[in-house]
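Here are my notes on this model, kept brief. Please read them beside the structure.

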Amino acid sequence: AEKAGWGQPAPEGWTRGVAVHESFGSVVAQVAEVSLEGGRPRVHRVVAAVDCGTVVNPQIVAQQMEGGVIFGLTAALHGRIDIEGGVVRQKNFPDYPLLTLKDAPVVETHIVPSTRHPSGMGEPGVPPIAPAVGNALFALTGRRLRELPLSLSP
């Protein structure tokens, strides 16, 4: 919370949402700073704190967190699968929008010092991003979004 500036005003038009997740022996908390651009969610910054036990390589932990955030945001903002006539319409990447570099947020990773055995870092960065963004959108709009992809359209 301290690293994300929780309790301090967010930039004008932005708000923050937080979520925490535990898996593979690791605990990850993420704060997402979100605004609306053209009625669509825009994630500007994600501050992550992770307790993954003893860290062997901090750069790998940060890279795994960055990748997890981007993968999770792709699902949270674009991850729609349509079935038409019993067939999945999105057959490959041209049919399934991914988060692009221009839409990617700044991701800050803060590692909690620990003496526990090393734990997993491949997946734990993915699950908390959608609820963190959803919580920010609730703070911004007063609407609870309970389906992915997160959309404010009726």
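1. In which strand does Val-27 lie? Val-27 belongs to strand E2; strands are DSSP runs of at least two residues and helices (H or I) of at least four, numbered from the N terminus.

2. Some ground rules. This is a predicted model, where local features need pLDDT of at least 70 and side-chain atom pairs count only at pLDDT 80 or more, while totals for chains, interfaces and linings use all residues. Residues are numbered from 1 along each chain as its sequence is written, and side-chain values use heavy atoms, with hydrogens and water left out.

3. Val-27 counts as partly exposed because its relative accessibility is 32%. Buried means under 20% relative accessible area, exposed over 50%, and partly exposed in between (1.4 Å probe, protein chains only).

4. The largest nonpolar core has 20 residues. Such a core joins buried Ala, Val, Leu, Ile, Met, Phe, Trp, Tyr and Cys residues through side-chain atoms within 4.5 Å. Ala-32, Val-34, Val-43, Leu-73, Ile-129 and Val-133 touch the most other members. Strands E2 (26-37) and E3 (40-51) and helices H1 (58-78) and H2 (129-141) each give two or more residues. H2 gives the most, with 6. Another core, of 7 residues, lies apart and includes Val-28 and Met-121.

5. Look at Pro-105. This residue sits in the loop between strands E5 (87-88) and E6 (106-111). Pro-105 counts as buried because its relative accessibility is 9%. Its contacts (heavy atoms within 4.5 Å) include Val-43, Val-69 and Leu-73, leaving aside residues up to four places away in sequence.
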